[in-house]
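Keep the structure in view while reading.

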Amino acid sequence: MNHLLQVKLRFSSENNTQKPGGRNLRAALTTTAEKIDVLMENLRAVKRYYANSPKIINHLLIDANYNDIIAKSGRIQALLKPIGKTTNDMVVGARFSDAKEGEENHIITYYVDLATVDRTISDLETVRLFLCHRLNGEATAQNFNEPQNAINYAGYDLSKQKIRDYIVDCSVVESFSIPGITETPVQDMFLITFYKTELSLASLLEKLKIDEFRYPYTFFGDDTISATKELFFLLSEKVPYLISMISSDLSQITPEEIDVGQTLPKISIPDPLNEPVIGVIDTLFDDTVYFGKWVENTDYIDEIEKTTLRGNDREHGTEVTSIIVDGPRMNPWLDDGCGRFRVRHFGVCTNRISVSRLVRKIKEIVVQNPDIHVWNLSLGTDDEVSKNFISYDAAVIDEMTYQRNVLFVISGTNDNRSEKNGMLRVGSPADSLNSVIVNSVRSDGRPASYARKGNVLSFFNKPDVSYYGGDYDERIIAYSPANGDIGVYGTSFAAPWISRKLCYLIDIMGLPREVAKALLIDAAAGWEYKKSTYKMKNLLGYGIVPVDVRKILTTDNDEIRFVVYGTSKSYRTGNYAIPVPRDEDGNYPYIARAALCYFPGCTRSQGVDYTNRELSLKFGRINAKGKIEDINENVQDDTGAYVDERTSRREFRKWENTKFISKILKNNRPMKSYDERLWGIAVTSKERLSTKVQGGLNFGAVITLKEIRGINRIQDFITACTLRGWIVNELNIENQVEVYNANQEEIVFE
């Protein structure tokens, strides 16, 4: 077996030298005088609605219903544009239309002043006249696009650029309308999120004369309250256009059915030494179990809750923690080679807790324990996540992951209905994008019968990975404080195994969390993802993680596998001199794959346009033009190339914070080299919002090259990298364990 390599590449930073050209109509789109009439009438109807409603906010919330999934650069630029600002400055929300999967279009909500709406209507009148006089009432790619057409723009109150911007804008917008919530809440308590306006949430509720004694509510952040169904109906009657989203405020742990096992004789376990610590946030823990010394326990509940404890309130949390501490003893077939782990356990509830209270506790716990890098969260809601926004608890976890050096492992939630009608989407917080979401499979690799599905926001690939969590008729073993070793099943018991692996990679192997997650994704995907696994990605994620951690940290003798770590500080971060060894004919005899992970900042109020930053990955040979010939044929950032947003998301996973690409050769024929050029990797950064994200964004990548003839070329690669002055570390497991143990020793000064 070959060791995993850690290569410290020298990355170059490049600015964006591409200048945006003039806006043209897309080939299939048109703008007609009749279309402009419709849009003007839409805006007049919006004005009438607000004129006939009580004046609560200063400006107007307006939905622009697009006819496609739209890129930031393709959004409207003249319509609804205030003086001195851009339309993107006015965006307060984004969601998808109610179409079947794969056919959804963007609906983007803008908050604009009345004068801007009036000016837009007036300008559209002028553009309509231009269309009728100059283009016979219809602009098409054939008669409008430059440079092939010369059109006279003189004689109108608008500049040529404004006329063109309006025509292009009208081609991508179907209609304008008033925002509104169509779903009705089921629970008695839930979360209401409002669009951001000039009013603070407290001022808005005061202006609406909401009696908090009659309609109790609690603030969460600056745009969300936890409220009753009665308050929702009152708000939806008074200001339906101000409600951005509603979501469940009840996180319920449904304890999986268990087999009553035989209480075992006293089980021996050594005392803990310097093992790494995993944080667990779950139901309560029972200190009396045989591995109690391995767990630092805190009952993170109030005194009233303590007086109502029942006999089984410590079952679920204890069972989850038992797998982290001593799972391989109970399940020898799942012995991952990671050893035992200490646990800092925080029991935050018995079997039910509101999302708002859970979020508050998670925030406090993580801030107070900065030394813990991996957190296991095996809690979740029964309700499905929304297709149009990230749940409140998942958004808070994403924010903490972006801001702190932590990584959450979250169970994919279970479908425990006795009668199943269709498959449920995952429940919150399993829609957290920055976390590792774990679904459960049976021992033969098939999805468990209680599995729930992704994707998230109709696009993001969740769950991330799958692991063995048992099933109704095929249990895995955990330790119950009442019954000893018992059979359990559920995603709750798949997640702890992944927490063990990630903690091993981060704390013992010393890898950054971005690299650790990329390694996990890459090991799960392997060479089979593009061939078969992706067909079940909504259930399996990128695949099933190997049991033995050595399979994550080593490769076959015919593979070169290395990790790189960098920071994106500019438009493009790259290295174009990776010395991949050639064969005797000067060709590259490899199939290749690469995985990239990063943890971006996110904005929940932006709805489906949730992630603030995109890192696009290219990896491959340097061609005759000095450009990377990407193994995934990614051309979306190339000069002169055009790829629509829907295709960019589907083919290149644009805006997703995990990228996995691979190239499988036909007939196992080597790839030619271009004039003895080398290979390169480039990470291209794009911002979603008008305001730029401050500082760099760390990323981790794992790259695998498999020699198609079975020849071991890893030493050639190490030598070539070393000759370039790069540091190459072989990640030998035994050596890293010794280094970890040495670092944990206490030195006593006499």
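Two strands count as paired if DSSP finds at least two bridges between them. By that test, β5 and strand β6 (residues 106-112) pair in the antiparallel sense, over five bridges. The model is predicted.

**Four-stranded sheet**

- The sheet is open, and its four strands follow the order β5-β6-β4-β8. Their pairing is antiparallel.
- β5 (91-96) and β8 (173-177) are the edge strands. Each of them pairs on one side only.
- On average, neighbouring strands of this sheet are turned by 20° against each other, direction ignored.
- Between β5 and β6, the pairing covers five bridges. Phe 96 stands opposite His 106 in β6.

**Helices on that sheet**

- Helix α1 (residues 33-51) lies across β4 (60-66) and β8. Its course runs at about 15° to β8.
- Helix α4 (residues 160-172) also packs on the sheet, where it touches β4 and β8. The direction of α4 makes about 85° with that of β8.

**Five-stranded sheet**

- Five strands form an open sheet. The order is β2-β26-β31-β28-β29, with antiparallel pairing.
- At the edges stand β2 (12-14) and β29 (628-630). Each has a single partner strand, so one side of each is left without a neighbour in the sheet.
- Neighbouring strands here are turned by 35° against each other on average, direction ignored.
- Strand β28 (residues 613-622) is joined to β31 by nine bridges, and the two run antiparallel. Within this sheet, Arg 613 stands opposite Glu 687 in β31.
- Strands of a sheet pair through backbone hydrogen bonds, either parallel or antiparallel.

**Helix α9**

- Helix α9 (residues 355-368) has 14 residues. At 1.5 Å a residue they should span 20 Å, and the end C-alpha atoms are 20 Å apart, which agrees.
- Which residues of α9 are buried? They are Val 355, Ser 356, Leu 358, Val 359, Lys 361, Ile 362, Ile 365 and Val 366.
- An α-helix has 3.6 residues a turn, so residues three or four places apart point the same way.

**Arg 669**

- Where is the place of Arg 669? It sits in the loop between β30 (658-663) and β31 (679-687).
- Is Arg 669 buried or exposed? Its relative accessibility is 60%, and exposed means over 50%, so Arg 669 counts as exposed.
- Arg 669 and Pro 589 are 80 residues apart in sequence. In space they are 7.1 Å apart, C-alpha to C-alpha.

Terms used: Residues are numbered from 1 along each chain as its sequence is written. This is a predicted model: local features need pLDDT of at least 70, side-chain atom pairs count only at pLDDT 80 or more; totals for chains, interfaces and linings use all residues. Side-chain values use heavy atoms; hydrogens and water are left out. Buried means under 20% relative accessible area, exposed over 50%, partly exposed in between (1.4 Å probe, protein chains only). Axes are lines fitted to C-alpha atoms, for helices over the stretch in contact, and angles run from 0 to 180 degrees between N-to-C directions. The expected span of a helix is 1.5 Å times one less than its number of residues. Contact means heavy atoms within 4.5 Å.
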